[in-house]
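Please find below a note on the structure under review. It is arranged as numbered points for reading beside the sequence and the model.

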Amino acid sequence: MYSQHATSFSTPKNAPSRSLLVKIARTITVVFALLCASQIIVSGASAQTAKVLGARLGVYPDYTRFVIDLDQEVDFTYFLLPDPYRIIIDMPEIDWNAPPGKVTSGGGLISGLRYGLFKPGTFRVVLDVAQPSLVSKIFSLPPGGGKPNRLVVDLKPTQRDAFLTASRQSMEAYSARSRNDTSATEQSVDVAVQSGRGGEEKPLIAIDAGHGGVDPGAIGVGNVYEKDLTLAAARQLAETLTASGRYRVLLTRDKDVFLKLRQRVDIARKAGADLFISLHADSIGNPKHRGASVYTLSENASDKEAAALASKENKADVIAGIDLSDENTLVQSILIDLAQRETMNLSATLAANMVSQLAQSIELQRRTHRFAGFAVLKAPDIPSALFEMGYLSNATDAKLLQSPAHRKKIADAVLRAIDIYFEKHKF
């Protein structure tokens, strides 16, 4: 178990300079093909944004039916991913504000539903299936009999071997399509740097709102979504830092869109960020447990809870319907090999400052500064911290994090912590 004090690392005299390591790290470009595949079904949909009117499940002896009601026909693709078993349906951006009803809790072969913006131009629906299942039918129905346009998906149970075969075939189909479709390459994310008063030569702070889009993160008391609270908190922190006139600010996301873990780090590194702060809010089984904590990078977690949280957060890409296990392993090995002790020292200093300032304003956990192997903290050249703002499974924390006044209190404390950091480490 670690104390709340920062851990110190010594740097060998013959170690490469920080600037050299930065140059080495920033020259690495890792290009991966998306390990997902799709079968394309063209339906001649309108260019106007479609609206979802509702969703429902039908459970029958031989199959389970999933239906989305829409105000117009939409194009769609789908593919299958194992471990856990999922059916992923992609379509153009749609407006899904209608409540999904009981579908999110599942029924029949379907154990759960997630949906949201996967990337600009693509809306993703993820069906978790309780056992290996194949898409026996997927089709659109035009309006008729008092019913609107419908997208219908029929699932039937199968064996694992058959599911894996179908999944491989869908991956091969996607690979063939992506070679002929430039739009299937890694999406770019447009981000804007917010500048404080008095010019550009100021430290750049990257603020990362955890989760987003198809990945809601933790779902807490009152059905509040982590992705919404982290975005609200990120915007407040950006406003507070910018208003100080001392910093420039970069938001990794400024809307409800999914970002891969590697993208979040890449956005900050490509912009030349000087600090990286990732905002989150956890949920656990004990509704009485509350309080904030700050994490920095270590492959050896400070306690079992820290290890479990890091493991859960690092699965965000899988939750969104991408199998990136091989990619993450390679990226992590490269970054960890290059991660210099100086950066980890600076990260620990930033975290200690945050803990001291947050303690004056909000409830903290007893073990406040913790260590774990979060993927978003693995930039080798940017001091980074992950801030768990509270527990959404606790009614008090969930209510506070929905309060603009409380988020402003958090932002003011983080601003003070960053001020202290740069007083010692001149920019």
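Predicted model: local features only at pLDDT ≥ 70, side-chain atom pairs only at ≥ 80, totals over all residues.

1. As general background, nonpolar side chains tend to be buried together in soluble globular proteins.

2. Leaving aside residues up to four places away in sequence, Leu241 touches Ile205, Ile207, Arg246, Tyr247, Val249, Leu415 and Ile418.

3. Strand β16 (residues 364–372) contains Gln365. With a relative accessible area of 6%, which is under the 20% cut-off, Gln365 is counted as buried. The side chain of Gln365 makes a polar contact of 3.3 Å with the side chain of His289.

4. Helix α4 (residues 261–270) is mostly covered, with eight of its 10 residues buried. The buried residues are Leu261, Arg262, Gln263, Arg264, Val265, Ile267, Ala268 and Arg269. Gly272, which follows α4, has a positive phi near 75°.

5. The structure contains eight aromatic pairs. One of them is the edge-to-face pair of Tyr85 and Phe163, with 5.0 Å from centre to centre and 75° between the planes. Tyr85 belongs to the loop between β4 (76–81) and β5 (86–91), and Phe163 to helix α2 (residues 160–179); the pair therefore ties together parts that are 78 residues apart in sequence. Tyr85 and Phe163 are both buried.

6. Trp96 and Phe123 form a stacked aromatic pair, at 6.1 Å centre to centre and with 25° between the planes. Because Trp96 is in the loop between β6 (94–95) and β7 (110–119) and Phe123 is in strand β8 (residues 122–129), this pair ties together parts that are 27 residues apart in sequence. Trp96 is buried, with a relative accessible area of 8%, and Phe123 also counts as buried, at 6% relative accessibility. Ring pairs join Trp96, Tyr115 and Phe123 in a cluster.

7. A further ring arrangement involves a charged side chain: Arg124 lies over the face of Phe118, at 3.8 Å from the ring centre.

Methods: Residues numbered from 1 in each chain as written. Heavy atoms only, no water. Contact = heavy atoms within 4.5 Å. Helix = DSSP H or I, 4+ residues; strand = E, 2+ residues; numbered from the N terminus. Buried < 20%, exposed > 50% of the residue type's maximum accessible area, 1.4 Å probe, protein only. Polar contact = N/O pair within 3.5 Å; in protein donor to acceptor, adjacent residues only side chain to side chain. Phe/Tyr/Trp six-rings, centres within 6.5 Å; stacked < 30°, edge-to-face > 60°. Lys NZ or Arg CZ within 6 Å of the ring centre and 35° of its normal.
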